Every structure is written in C-alpha cells, then in structure tokens.
Amino acid sequence: MDSATALTLARAQFGLNIAFHILFPSLTIGLAWILVFFRAKYARSGDETWLAAYRIWTKVFALSFAMGVVSGITMSFQFGTNWPGFMNRVGNIAGPLLAYEVLTAFFLEATFLGVMLFGMNRVPGWVHQAATVLVALGTSLSAFWILALSSWMQTPAGHVIADGVLVAGDWLRVIFNPSFPYRFTHMMLASGLVASFVVSGLSAWRLLLAPGDAAARRSLRTGVLIAAALAPLQIVIGDLHGLNTLEHQPAKIAAMETIWKTEKGAPLVLFALPDEDRQRNDFAIQVPKGASLVLKHDPDAEVKGLDAFAPDVPPVAPLFFGFRVMVGLGLLMLFVAWAGVWLTRRGALPPRGFLWVFAGFTFSGWVATLAGWMVTEMGRQPWLVTGVLRTADAVGQISEAQLGASLTAYGATYALMLLAYIVVVTHLAGGGAGPRAPSEPMAKGAAA
Amino acid sequence: MSFDLPLVFMFLMGVAILAYVVLDGYDLGVGMLLPAGDAEEQDVMVAAIAPFWDANETWLVLGVGLILVAFPLAHGIIFGALYLPTVAMLIGLMLRGVAFEFRVKAQGWHRELWNWLFYFGSFLASLAQGFMLGRYVTGFQPGFGYLVYALLVGGGLCGGYVLLGATWLVLRTEGALQRKALGWARWGLWWVALGVALVSAATPLVSGIVWEKWFDFPRTSALMLLPIASVAAGIWVWKSSGRLARGERIPEWAPFVGALAIFVLAFIGLAYTMFPYIVMDRLTIWEAAAHPSALKAVLIGAAVVLPFIVAYTAFSYRIFRGKARAGMYE
C-alpha cells in the first residue's frame, strides 16, 4: 500500500465529512437562538406574525438539525478508523471531551427538539418555551466541547506524560487552552452570521414572491439587525484571534500572508499567485511594510517567514486564498447587513434589486465559515496536534480501495442530501408559513 | 473505594448499546414496515416514532463514543475490521434520518422517493448492524462461511427490529392499523424464531469459542435458562398479540414488553459470550482500556449527567404518551 496515497485519501474523506457536517451545526447553533427570540416575542405579544415566523424557521431548523445529526454520527466512527494513532496518542484527552459533548449536549438537544417540534399543543406554553431554550443551550454546549478539543489540538496545554501516553494534568487548562476563547467566540459569531444571513436571505426570497408576507418582513428585519450587529464584532474578534495565532502558531500566519522569508518591514500581500516550489509570489500586489504594521503594530518590526519553520510548514496557497475569501466575504457581508438595516427601517420593504442581493447572500456565511475552517485546519499541518502528533503518524491501516469506495459512497450521499436540502429549504421559504393545518389547534395558554 | 474501571465502562458501554438497539430498533423496525401501510397509515407510523428517533439514535453515539473513549485500542480494531459495513450502516442511518423531514416537506414524486429511502435506509442500517454483530462475535475471521453467517445474523436482527417496531405500533396506534400491526408482530416473531434457529445451528460450525462457552457442562444447565426464558417471552408475545387481536382487554404494551425481554435476554447471552474479551479472543477489556485518569473524568460526568438524561427522556415519553395521529407531527 502506498501510504502517501492512503494518507491523502484518509484526509480527503475526513475533510469531506467534516466540511459537510459543519454546514449544519454552523446554521443551527445561531438559528436556535433566533427561534428562542421569535418564541419569546410571540409569548409576550400574542402576535400571530411572530408565531408564523417561529413556525417557518422551526421547519428549516428541524431539517438542518437532522442533517447535522446524521452527518455527525459518521465522525464518532472515523476518529478510530481513519486516525487510530490520534486515539492511541491523545485519546485520554480527546475522548473525555467528546464524551462530555455527547452527555451534556447531544441528548439534551435531541430530546427537547422532539418537545419543541411536536409538543406545542401538548405542554403548557412555558414548558414549550423552556424546551426551545434547552435546544439552543444544547447546540451551544456542543460547540463549546468540540471547540475545546479543536483548540487543544491547535494549541495543546495542560497535559502531562504518564505511563508513556498523554494524559490531562489539569483539565481546566486543557479546556481553556490558549486559543480556545478566541476560537469559540469566533465560531459562535460565525454561526450567528450564518443563521442571520440564511434567515434574511430566505425571507428576501419569500418577499420577492409574496411582498405582503408580514412574517417574512419581520424575519428579514431580525436577520439584518443581527447580522449588522455581529459582523463588526466578528472583525474585531477575528483580529484578536489572528494575533493569538501569531503568538502560538506563527508558521500558520506566515503561510496565510505568504511571508516566505524572515524580514524586517514585511509587506502586506493583497493578492498574488504563491509558487510553493520556488518559494515566491507571482503577480503580487502588496502594501510595503503592511504585514509588520498589522501583525506587530510597528512598520519596521521583524516578521518570521516560512523559512524559519521549515520543513514543518503548512501548504501556502490554500491558506492564502482561503483567508482572503473569508475576509473578503466578511467585509461584503458587513456592507450588505448595514445596507439592509437602512433599507428595512420603520418597516420599509427594500427595493427588489436589494432583495435579490440578500437572497444571493443566503449561504454566504457557509462559504466564509468553510474558508475559515480550511485555513485553521490546514494551517495546523503537518501536525494533527501541534508539536505532539503528526497527521502522517496517526493514519490507520484502511486500504486505499476501501477508502476510495467509502469516499465515493459518502460523496454521492452528501450530494443527494445537499441538493434535496437546498431545494426543500428554498421551497419552504418561498411558500411561507402557509395556513395552519386544521388538525393542529393551538392549545389554550400556548402563548403564555 | 476503588473501582475496576474497565469493568465499569464495559457495563456502561453495554447499557448504552442495549438502549440503542432497543430504542432505535423500534424506529428501524417501523421504517422497514413502512411499505406495508397505505399512504395515510404511513403518516401515522412515522408520527409514532418522530418525536423520539433523534434521541434514540444518540445512544449509538454514546455507545460508540464509550468504546472510543474507554477502549481506544478496540475501537480502531473493531471499526477498522468492520469498515465497509459501518459505512453502509451510516449511509442507511443518514437516509433514514433526513427522510423524516424530507418525506413531509418535499413535493410530488420527491415525497415518494423519500418514503422509499426511509424504508431502504432503515433496512440497510438494520442489515448492516446485524452483519457487524455476526462479524464481531466470530472475531472478524476471513472466509465465505463467516460472511454467510454474518448475513444470517443480519437477517435475524432485521426480524427482531420488525418485531420491536410492530409491537411499538400496537402500543401507539389504534383501529385498523393496530390490527395490522398485531399481524406484523406475529410475522416478525416467526422471522426471529427462524433467524435464531439458523444462527444457533450455524454457530458451532463457525466458532469453536462460542460453542465451548455454551456447551460446557455443568455450566450449560444454568445457561439454558436464557434460551428457555427467550422462548417463554416469544410465547408471551404470540399469546398477548392474539388476545389483543380478539379484542380482549389486556394492556396494549404487553407484546412490546415481550419483544423487549427477548432483546435483553439475547444481549445478556451475547455479553456472556464475549466477556472478558472486547475483541473476540484477542483483546480483553483490561488490555484495551484507556488511562485511568481519562476513565475517571468520564465516569464523573456520566454519574452526574446520566440521571438527568434518564429523567428528561422519561418526561418526553410522558408528553407523547397515547395514540399517534397523522398530521399531528408535521
């Protein structure tokens, strides 16, 4: 077996699964809290428009949640099959973090989702509201644990060697490792942005078809307000996250900024075609001394280049472009969100052209999130756990044929699911909340 | 006080996997029975499991997660050897899981497609799980005979899930559908009996270890309590579903409890067969166990959180007690 090919296939397969999976949690974490808001608004005002908004977005949530659940189960098997070296070396740290995610988050969200979706006319209003909050809490708790593990793999801390393996010396330091606060906040804000753009985008789509839909107008307004508030916050947090990465993983920053050689007064590269073989940029457009200024807040400061970390450096081109896609899209999203706040002021209906823009930005958060994750995960290479375990040393013995077959099967299944998802979500949004089925009378006091 | 941590975790893992098999077993069974109902009945059948399936499936994540956390060496060996059937099971579970949503939200022929995928996904996942079990108890030995054996176990487990699903429907439905479900339950019982007979006949041929463990006098006489009790549970299911079909006033949960008993007894038998190995004849639970510090960390969390999980699961079943109706859960 060619181990290099097997490694590539194992990574491709894991990457495909995790990229497909993250689409749905990144939406549901944020959307769950938007549902809490709609539900509370309805409970306070008794206004049916809020209920209509709650109902339509609950449908989108339920579908997205199911997609996240089924694609997430795959992960619990692949940790062991694709990366047995990972569990052997750091399983005593990764394992408990994953176990806590299952115990504290998965059961909570799955159980109360049933109550939230099907229990509205079976339980008192306050219980239904509490169920909605518990689902949101579950999704956020899940993010907490998995981000703790992901951050620990980037910036490990709090572990000791005992009996020849890595074990936790101090669980608090393991969980609250140096990059965790930045990564967790960055991801929670990203989820808020994904959800708010999906809500405003699909509402805009609905308004293009039915301009009079009051629930869609409220949803659009809610979506743009949240996006407009979170987008600038995300830029600040993103910058802090970057400085944290510079401190703990300078090679990643060097690759993101294509700083090939250590230099004083390093330029900020806006665009270039990185050439990894010759270690240089072609067609570079750059700001002199920009990188030193941005990273060190001093135009003449020395910035470590990739040559200082060779040979343990991540691939340059995917990081360089991935980072620019994320930042560029983030800035566009900020502009669109602020324009949206202005255009929907005092209940106004934005012109159709702008509705098309919002609709076009529906899944922009997904693209930015995937680009960001690609930067941070590929930026950790060649390490699986920085300084502790190399990816190549963790790969398992699954044959290329099996990996290839399963990669194809997963790819086909995911393509079918994603296609069906986008068709159905667009259709759901386009059709609005619709008339309530006569068999579903609201229970007395459900609004309480 | 000191615990034998690997033993504690073997127990926890067993409980999680048994909970998964029983709980998602009735979901998967209902899924496999879906083509047997007409369009309106299918909506009721799905409504009877819709509020629970997601939490039920979480027990699989916990069970597999506990193997991963507590016995990392075994996780790599087991799921490495079962790589392709695991992929088949996961794809089945994916299709089944999203079909809950798609079958009510899609339009036109898409709706029919997702109904079919609901059935296909349930069947694929069940067959794959049984196949994996068959491979697991025979220590993943290569050879055609072992594959046939694993397929037999797969077919048998499908019958067991159909039995669970049918008896669950007896509990959760009424009228014509309930009468149909009573028939399905008896049909499922025959299927299970045939599966058990074939697997029992084949076991001595494929696995000396299993044979020796079960036919070692005088231990055998005590062990025979398990199959005898299973037969009694089977008769209980047969009798109680017959009495319900004749309209006698006995509890509607009686057949389901009987089916449950069959699964629990089979699981105890399986646990006896495997112990103390986690990989048959190769790796014991003590050899495969993770570092005590990791096990302790998880045990504390499990001790604190599991009572809450059990409590709110019970709360959820209480909320959704009674008969399921079409349209109620859209």
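**Cores, helices and a hairpin**

Q: Which residues have the most contacts inside the largest nonpolar core?
A: In this predicted model, the largest nonpolar core has 217 residues, and those with the most contacts inside it are Trp57(A), Phe86(A), Phe9(B), Trp59(B) and Ile278(B). Beyond four places away in sequence, Phe86(A) touches Phe79(A), Gly91(A), Ala94(A), Met153(A), Leu384(A), Val385(A), Leu389(A) and Ala394(A). A second, separate core has 23 residues, including Leu208(A), Ala228(A), Leu329(A) and Leu334(A).

Q: Why does Ser316(B) count as buried?
A: Buried means under 20% relative accessible area. Ser316(B) has 3% relative accessibility and therefore counts as buried. Ser316(B) lies in helix α14 (residues 292-319) of chain B. Leaving aside residues up to four places away in sequence, Ser316(B) touches Thr111(A) and Phe52(B).

Q: What makes strands β4 and β5 of chain A a pair?
A: Two strands pair if at least two bridges are found between them. Six bridges join β4 (residues 268-275) of chain A to β5 (residues 280-287) of chain A, and the strands run antiparallel. Leu273(A) stands opposite Asp282(A) in β5(A). The two strands form a hairpin with four residues between them, and Gln279(A) in the turn has a positive phi of about 55°.

Q: How do you know that the span of helix α6 of chain B agrees with its number of residues?
A: At 1.5 Å a residue, the 29 residues of α6 (residues 109-137) of chain B should span 42 Å; the end C-alpha atoms are 42 Å apart, so the values agree. Just after α6(B), Gly139(B) takes a positive phi of about 65°.

Conventions: Residues numbered from 1 in each chain as written. Chains lettered and ligands numbered in written order. Predicted model: local features only at pLDDT ≥ 70, side-chain atom pairs only at ≥ 80, totals over all residues. Heavy atoms only, no water. Expected span 1.5 Å × (residues − 1). Core = buried A, V, L, I, M, F, W, Y, C linked by side-chain atoms within 4.5 Å. Buried < 20%, exposed > 50% of the residue type's maximum accessible area, 1.4 Å probe, protein only. Contact = heavy atoms within 4.5 Å.
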